[in-house]
Amino acid sequence: MEKRTSSPYPSIDRPVLAAIGVVLVGATAFFAYSDRQHDYKWYQAEFRSQVAEKFGDEKAAGVRAGVQQVWIPGLQRADRCTTCHQAVAWKGFEDAEEPLRTHPPEILKAHPPERFGCTSCHGGQGWAIDTAAAHGEVAHWEEPLLSASLGDAYTMGTNKGALIQMNCNVCHRYERETPGAGMINRAKALVEEKGCRACHVINGRGGTIGPDLTAVGEKAPEQYDYGRLSGQQTAFAWHVAHLKDPRALVQDSVMPNFHLSTTDAQALSMLVLSWRPARMSADFIAGVPRADVQTAEQKRAEDEMKTGPGAWFVQTGCFVCHSIAALGVKSPAQIGPDLSTAVDDTQKRFGMTVDDFIMNPTGTMSVVLTRQIVLDTEQRKVAIQKLREAFAEHQKQQAAGAAGPAVVSHQPGS
Ligand code: HEC
Ligand code: HEC
Ligand code: HEC
Ligand code: HEC
Ligand code: HEC
């Protein structure tokens, strides 16, 4: 025993230690296994006793035991959540502790769990039967439970319970408004208001200056470049930061800084991440619109402007980003400056004539004229001529004292 030198243990003890090791590993595995078994069995026993207490032994005897499952071929989902969440469809457990509480009933009227399961709204791992795994709190699971706790982790404050709306919108994406999805509705209004479609294809409509966003929610978290992002490195955090200041993350981006509040950036991030293909058969989205078309109002305004004096700018697509007030053209998005005074302004803004600017544009317009509105030299000459005509009209109106500031909103027909 005294000659213990290099090894802290005498060689004679090794078999013993090995045996102890095996026993320990075995015991850990056994306890982990039985603990797992325990988990849902314990909740089921607890539920049965609560039912017995409230409604009597006969009712309690009818409480289902063992693993419960809803298999929905159309959604390719097998959800076992009700193995623990047994009270979902029961009345009388509204104040019980989770997982034994009655489900808020309203939402399940239009989406009965026999047809929709649980994970299509909540996320999580449908087939798992222990709490952490079922709630998707495991590495490499891409559909975590969109719970209030995750909302907390994403610093969503009073909106922490809203994350679930991302999953609502996988089915309801073509609706302008979905009752019960307030954050998503807000974000959809922002997409219209800020004119994201000026540069992005969204639901099949829009420009090509930025990437097509139709399936951007599918991008794996590892595909984002977190190099310039401080704090949390999640896809959600990336989008919030990017929406608040695109160039802070993508240095040469021409995406504008819209000066969004944190809540608006979070709402838009939820919307953007909800844009992923719905892996479900058509009847699951049958009751909701399947295309996202212009409203009658938008269409009418566009048609009217198409025949007015600013027709060229509307037909060419400049009006997507620019108003030309002097010609009665009002851009829905107003991402670029009003073009009524461009002849004058390019000199001030870019230090070049409008001719040089259109022939060799910089910044956003260099991307616009190479990717979205590709004009050859002859067409660019037309553009310059049209900009001069607009400026002439502007000066005429100024002289007549008729026009206010260049960005004044024009009522067609007034
Ligand atoms: C092994 C039992 C078990 C299974 C299976 C299970 N849960 Fe839970 N669930 C719990 C327990 C316990 C709680 C309360 C404690 C907690 O939040 O972790 C809970 C809480 C929740 C909450 C509220 C969480 C919050 O932060 O507000 C939601 C939502 C939920 N579960 C959904 C699901 C869904 C969806 C599934 C199926 C994918 C599921 N659960 C499967 C045990 C389970
Ligand atoms: C159509 C979507 C939808 C389906 C399907 C659905 N839920 Fe819910 N669930 C909701 C909404 C919405 C809430 C309320 C969230 C809130 O008010 O913050 C909710 C609340 C809950 C809660 C309470 C915790 C919380 O976050 O408020 C639990 C637990 C829960 N659901 C479990 C389930 C289980 C288990 C199933 C399947 C049997 C299921 N849900 C099916 C939408 C759904
Ligand atoms: C798996 C796809 C799917 C998911 C996820 C989903 N819905 Fe639905 N929802 C539908 C379908 C389909 C209908 C139409 C039901 C029918 O056939 O009558 C519907 C109906 C509705 C209605 C009723 C519309 C009406 O005219 O009565 C509301 C409101 C609604 N959903 C909100 C939500 C909210 C909020 C969520 C998220 C918590 C959600 N949905 C999640 C597919 C879905
Ligand atoms: C003037 C053009 C322009 C407008 C307007 C614009 N974007 Fe972008 N957007 C871009 C460009 C260019 C990129 C690629 C460079 C980058 O990531 O910043 C981009 C990138 C993105 C990305 C990242 C896509 C990916 O695959 O990484 C999202 C998401 C996005 N934009 C959302 C929006 C939203 C939401 C709006 C409206 C609030 C909007 N954009 C308005 C030009 C624009
Ligand atoms: C996708 C949005 C978008 C479209 C479409 C677009 N522009 Fe622009 N344009 C901009 C932005 C943004 C600026 C401001 C300069 C910058 O940010 O680089 C600008 C600047 C200009 C300027 C300089 C204006 C000034 O006052 O300095 C001219 C001229 C111009 N655009 C002409 C056009 C013409 C002509 C078309 C149609 C052929 C067009 N633009 C289409 C976004 C757009």
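**Figure 1. Helices α4 (113-116) and α5 (119-122) each bring at least two residues to the shell around ligand 2.** This is a predicted model, in which local features need pLDDT of at least 70 and side-chain atom pairs count only at pLDDT 80 or more, while totals for chains, interfaces and linings use all residues. Residues are numbered from 1 along each chain as its sequence is written, and chains are lettered from A and ligands numbered from 1 in the order in which they are written. Helices (H or I, at least four residues) and strands (E, at least two) are DSSP runs, numbered from the N terminus. A residue belongs to a shell if its C-beta atom, placed from the backbone, lies within 6 Å of the molecule. For ligand 2 that gives 19 residues, with H85, H111, C118, C121 and G161 the closest. Helix α5 supplies the largest share, 3 residues. By class, the shell around ligand 2 holds 10 nonpolar, 8 polar and 1 charged residues; here Ala, Val, Leu, Ile, Met, Phe, Trp, Tyr, Cys and Pro count as nonpolar, Asp, Glu, Lys and Arg as charged, and the others, Gly among them, as polar. Domain 1 (37-134) and domain 2 (148-284) each contribute at least three residues to the shell around ligand 2, with bounds taken from an automatic or database domain assignment.

**Figure 2. Ligand 4 is surrounded by 26 residues.** Look for C196, C199, G210, S253 and M255, which are the closest to ligand 4. Helices α9 (182-194) and α12 (262-274) each provide at least two residues of this shell, and α9 has the largest share, with 3 residues. The shell around ligand 4 divides into 18 nonpolar, 6 polar and 2 charged residues.

**Figure 3. Ligand 5 sits among 28 residues.** Those that come nearest to ligand 5 are C318, C321, G336, D345 and G363. Four helices, α15 (342-350), α16 (354-359), α17 (363-372) and α18 (377-399), each give at least two residues to the shell; α17 gives the most, 5 residues. Sorted by class, the residues around ligand 5 are 17 nonpolar, 9 polar and 2 charged. At least three residues of this shell come from each of domain 2 (148-284) and domain 3 (296-399).

**Figure 4. The largest nonpolar core has 34 residues.** A nonpolar core is a set of buried Ala, Val, Leu, Ile, Met, Phe, Trp, Tyr and Cys residues joined through C-beta atoms within 7 Å. Buried means that 20 or more other C-beta atoms lie within 10 Å of the residue's own; with 12 or fewer it is exposed, and in between it is partly exposed, C-beta atoms being placed from the backbone. L163, M183, I184, A187, L268, M270 and L271 have the most contacts inside this core. Helices α8 (165-172), α9, α10 (235-244) and α12 each give it two or more residues. Because domain 1 (37-134) and domain 2 (148-284) both contribute residues, this core lies between them. Another core, of 26 residues, lies apart from it and includes C199, F313, A325 and F391. Touching, or contact, means C-beta atoms, placed from the backbone, within 7 Å.

**Figure 5. V288 lies in the loop between α12 and α13.** V288 counts as exposed because it has 12 C-beta neighbours inside 10 Å. Not counting residues up to four places away in sequence, V288 touches C171, H172, Y174 and E175. V288 and E175 are 113 residues apart along the chain, yet their C-alpha atoms are separated by 7.1 Å. In helix α13, the number of buried residues is 1 of 12, so this helix lies largely in the open.

Figure 6. Most residues other than glycine have a negative phi, and most peptide bonds are trans.

Technical notes:
Contact = placed C-beta atoms within 7 Å.
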